[in-house]
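Student: Hi! I have a new structure open and would like to find my way around. Could you walk me through it?

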Amino acid sequence: MLQPEPTRTEDERRPVRFGILGTGRITRRLVADLQSTPGASVTAIASRTSERARWYADSYGIANAVSGYAELIARDDVDAVYVALPPSLHAEWMIASAAAGKHVLCEKPLATTSSVTQQMADACTKARVHWLDATAWLHHDRTDMFRTWVKDAKVPQGEAEFRLGALRHVSSAVSFYNPFQSGDHRQDASLGGGCLLDLGWYAAGILRLANDGLPTTVNAQSVMRGGVPYRVTAMMDFPNEVSATMSCGFDTSTRKWFEIAGEEASIVCDDFTRPWPDKPARGWVHEASGKVHPFSCECHQEHNMISRLVGWINATEQDEQLWDSPSPPWEAYHQQALETQRMLEAIETSMTTGQTVTL
């Protein structure tokens, strides 16, 4: 692990100071998580109008209300920026934040196209600032269990002594049925709306994580309403003869599940994006014999995500040579995000052309 010897104790280290770009619905939850994560603080929040910024700053207990996004990223009391704007605005403000020397936590999806997403990543690399997509489930302790089980699919999995066997099929479904309020950007194609970029980020992401890479072919279809996809279904082929199916939608009951099926057992999870309220994160392993191994795991995935970004920032501040490491700890998370965006683009191309897309 790339963890240099600290030159200051954790208590002595100044918290990483976050500024918030945007005051939409997604902001409320993560602001509280940022404020309650050790090593992080929130010093300012920006909106397009001073009145809206002031109202949200007072509501969240944030000292500084800022009118305009450029004004926030120019502040000396902001080390990192949380981009909580509609997807069509992510690239502009992530690139601007990087140019201003600010680290970035960006809401998903990173952008609306894969080429723009790569430009965003390149801008951060050039500026030597850290970036992370705000995909909290990737940082849950349970997700580490999934990674281990899939990676070591042919060996016994600890005390349970089950083995998945060679990976054969992965399925995912993420949806909710909830009429939107007027003006919600998820209903506006020009702002990056639709279920594919929103919920598809999760549904495609677990397929990519299970296979540790991109599919070779994609076939997709959609139900369109108001110019945006309201329901998307996709079939994919991955290397090593692994097949996959994916469903996401705004017009279907709440689902946040997947199945990772091997030759000898399968992992089933019905809450992978976020545990159900007042319940621990859970899942089951089903063996071919019918034996079932339930499991549960409790942690705060948003705190883990923020702590990971803060840890990268502190590590490179103490040892700049870590930027040039051949295998830095952020590389896998960046690859996951960039390739998830490529999958969504392939799905969109297939569903609009009616053709199979080869990656």
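Tutor: Happy to! Residues are numbered from 1 along each chain as its sequence is written, and side-chain values use heavy atoms, leaving out hydrogens and water.

Student: Which strand is joined to β3, and by how many bridges?

Tutor: Strand β2, residues 40-47, is joined to β3 by four bridges, and the two run parallel. Two strands count as paired if DSSP finds at least two bridges between them.

Student: What sheet do six strands form, and in what order?

Tutor: An open sheet with parallel pairing, in the order β3-β2-β1-β4-β5-β6. The edges are β3 (64-67) and β6 (131-133); each has a single partner strand, so one side of each is left without a neighbour in the sheet. From one strand to the next, the twist averages 20°.

Student: What does helix α1 touch?

Tutor: Helix α1, residues 25-35, packs on the sheet and touches β1 (16-21), β2, β4 (80-83) and β5 (103-106). Contact means heavy atoms within 4.5 Å. The direction of α1 makes about 155° with that of β2; axes are lines fitted to C-alpha atoms, for helices over the stretch in contact, and angles run from 0 to 180 degrees between N-to-C directions.

Student: New topic: what is the mean pLDDT of the chain?

Tutor: The mean is 93, and 95% of the residues reach 70 or more. pLDDT is the predictor's confidence in each residue, from 0 to 100.

Student: And where is the pLDDT below 50?

Tutor: Over residues 1-9, a stretch with 14 contacts in the model beyond near neighbours in sequence. Where pLDDT is low, the predicted coordinates should not be read in detail.

Student: How many disulfides are there?

Tutor: The count comes to zero, a disulfide being a pair of cysteine sulfur atoms within 2.5 Å.

Student: Is Cys 124 buried or exposed?

Tutor: Buried, with a relative accessible area of 0%. Buried means under 20%, exposed over 50% and partly exposed in between, using a 1.4 Å probe and protein chains only.

Definitions and conventions: This is a predicted model: local features need pLDDT of at least 70, side-chain atom pairs count only at pLDDT 80 or more; totals for chains, interfaces and linings use all residues.
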